[in-house]
Amino acid sequence: MVRILWRSINAIVPVYKWLVLQRNEKALSIPKQTVFGYIDRMALYLKLKECIEREELFLNKELSLSFLSKKLHTNSNYLSKAVNTIGNKSFIDFINYYRIEYSKTMLSDDHYSKYTIQTISEKSGFHSTSAFYNAFRKHTTVSPSVYAKMHKNS
């Protein structure tokens, strides 16, 4: 985590310095606080990803922005902004990405072939099967059952 963050900082700061050295109007109009704000958001985003992946928090149906912000010792607005700007997605899409990836592994594994779509959606952290179907289609462009059939045929 620290190495990734350090690489990110090392990638951004030289770009800012280069822009300032170019002495063009756009480069000079970029405030230093913007660059450091971006670095702070990136650090928070990486910390969030690490926490979500390590603890598999996405499997919790009650997971919320408020809960995660308290866990990461920040406020909800700042965490949401980090996910929006660094991850280029909403908080819900961010969490659903992990849930869908988890469900895809279940749908692809013969061990879970006896599970219903509803059971897989529940085990993946979704409140309802309809929310699961909508998120799954959004992320994969096919329904969970079609995905499972495609995998079994390959």
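Buried means under 20% relative accessible area, exposed over 50%, and partly exposed in between, with a 1.4 Å probe and protein chains only. Keep that scale handy for the exercises below.

The model is predicted, so local features need pLDDT of at least 70 and side-chain atom pairs count only at pLDDT 80 or more, while totals for chains, interfaces and linings use all residues. Residues are numbered from 1 along each chain as its sequence is written, and side-chain values use heavy atoms, with hydrogens and water left out.

**Exercise 1. Describe the overall fold.**

Step 1: Start with the secondary structure, where helices (H or I, at least four residues) and strands (E, at least two) are DSSP runs numbered from the N terminus. The protein has nine helices and zero strands.

Step 2: Turn to burial. Of the 154 residues, 34% count as buried.

**Exercise 2. Work out how D93 and K138 are paired, and whether each is buried or exposed.**

Step 1: Apply the salt-bridge test: a side-chain nitrogen of Lys or Arg within 4 Å of a carboxyl oxygen of Asp or Glu. D93 and K138 pass, with their closest N and O atoms 2.9 Å apart.

Step 2: D93 has 17% relative accessibility, so D93 counts as buried; K138 has 55%, so K138 counts as exposed.

**Exercise 3. Compare that with the salt bridge between K104 and E101.**

Step 1: Check the distance; the closest N and O atoms of K104 and E101 are 3.1 Å apart.

Step 2: Look at the spacing. Because K104 and E101 are three residues apart in helix 6, about one helical turn separates them.

Step 3: K104, at 18% relative accessibility, is buried, and E101, at 30%, is partly exposed.

**Exercise 4. Which residues of helix 5 are buried, and how are they arranged?**

Step 1: In helix 5 (residues 76-86), the buried residues are L79, A82, V83 and I86.

Step 2: Look down the axis of helix 5. These buried residues fall within an arc of 95°, so they line one face of the helix; the arc is that of the directions from the helix axis to the C-beta atoms.
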